[in-house]
Amino acid sequence: METFPAMSNSSLDFLNQKLFCPHCNTQLSLCHSPPVHVGDGLGWGSEYLFICLNNDCSLFANGWKNIENNYGHVGSYRYMRLPDSNEEYNMMVAGKDAFTGSVVDPEAIKNQNVRYQKQKDAIAGLDDCVEKKDLTPVLYLLLDNHAALSDRERAAGCLEPINSPDCIEPLRNHEFRDSNLEQTINMAISSVLSANFLKECPYCKELIKKRADLCKHCNKKME
Ligand SMILES: [Zn+2]
Ligand SMILES: [Zn+2]
């Protein structure tokens, strides 16, 4: 999956902008900025640009002739605007496909950032989760395979002190990619079970009293 840099929510307003090309009235596409500003050799000052990708746009269609006549090689212009700004440019492009590969989906960027914010909140929540007996930030990080391993290890370390059997079901249902983390979690689950006088039924995996002879869920007899 493509990753996007973290941004504060306020700077995401441009993702809701709908801008239209003054030459052809087509809605502009949001694209990754090229690394270099063709005009002056500096960066664009923005990660993203709004660009008219309509091949029938008069600027683009006429630009081909214009550049061919003036510079002797084939190329054209695309209309573009900077996000959250009135700055606009006619950007020289070498061909039709110059920006089509860098089109981004505003919804994907928003989702990525919602997740980033939640992750940040969860990391902050680890500070007093033991005191509050709050599993929420702990489980959020442990169940997010994209969170940093160091944060997830810290979260795993909170399972035993919080000592709530509620952590067991969601953790057992999750597939962990890091075997060390998985082992730490399994050990923590064992401690939580034991401290709560519980065990997992070997047949149906439901939690039952450690001293039960019969599973109250599947009725099987314990060895
Ligand atoms: Zn246009
Ligand atoms: Zn059972």
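1. How far does helix 1 (residues 58-71) reach from its first C-alpha to its last? In this predicted model, the answer is 19 Å for 14 residues, close to the 20 Å expected at 1.5 Å a residue.

2. Helix 1 carries a kink of about 30 degrees, and the kink is centred on Trp64. Just past the end of helix 1 comes Gly72, with a positive phi of about 80 degrees.

3. On the overall layout: the protein splits into domain 1 (9-102) and domain 2 (116-209). Between the C-alpha centres of domain 1 and domain 2 there are 48 Å.

4. Now a helix pair. Helix 5 (residues 149-156) packs with helix 8 (residues 179-195) at an angle of about 10 degrees, and their axes are 10 Å apart. Angles under 35 degrees count as roughly parallel, so helix 5 and helix 8 are roughly parallel to each other.

5. Who touches whom there? From helix 5 come Leu149, Arg152, Glu153 and Ala156, and they meet Leu181, Thr184, Ile185 and Ala188 of helix 8. By type, the residues of this contact between helix 5 and helix 8 are 5 nonpolar, 1 polar and 2 charged.

Terms used
Residues numbered from 1 in each chain as written. Chains lettered and ligands numbered in written order. Predicted model: local features only at pLDDT ≥ 70, side-chain atom pairs only at ≥ 80, totals over all residues. Helix = DSSP H or I, 4+ residues; strand = E, 2+ residues; numbered from the N terminus. Expected span 1.5 Å × (residues − 1). Bend = angle between axes of the 7 residues up to and from the residue. Domains from an automatic or database assignment. Axes fitted to C-alpha atoms, helices over the stretch in contact; angles between N-to-C directions. Parallel < 35°, antiparallel > 145°, perpendicular 65-115°, else oblique. Contact = placed C-beta atoms within 7 Å. Nonpolar A, V, L, I, M, F, W, Y, C, P; charged D, E, K, R; others polar.
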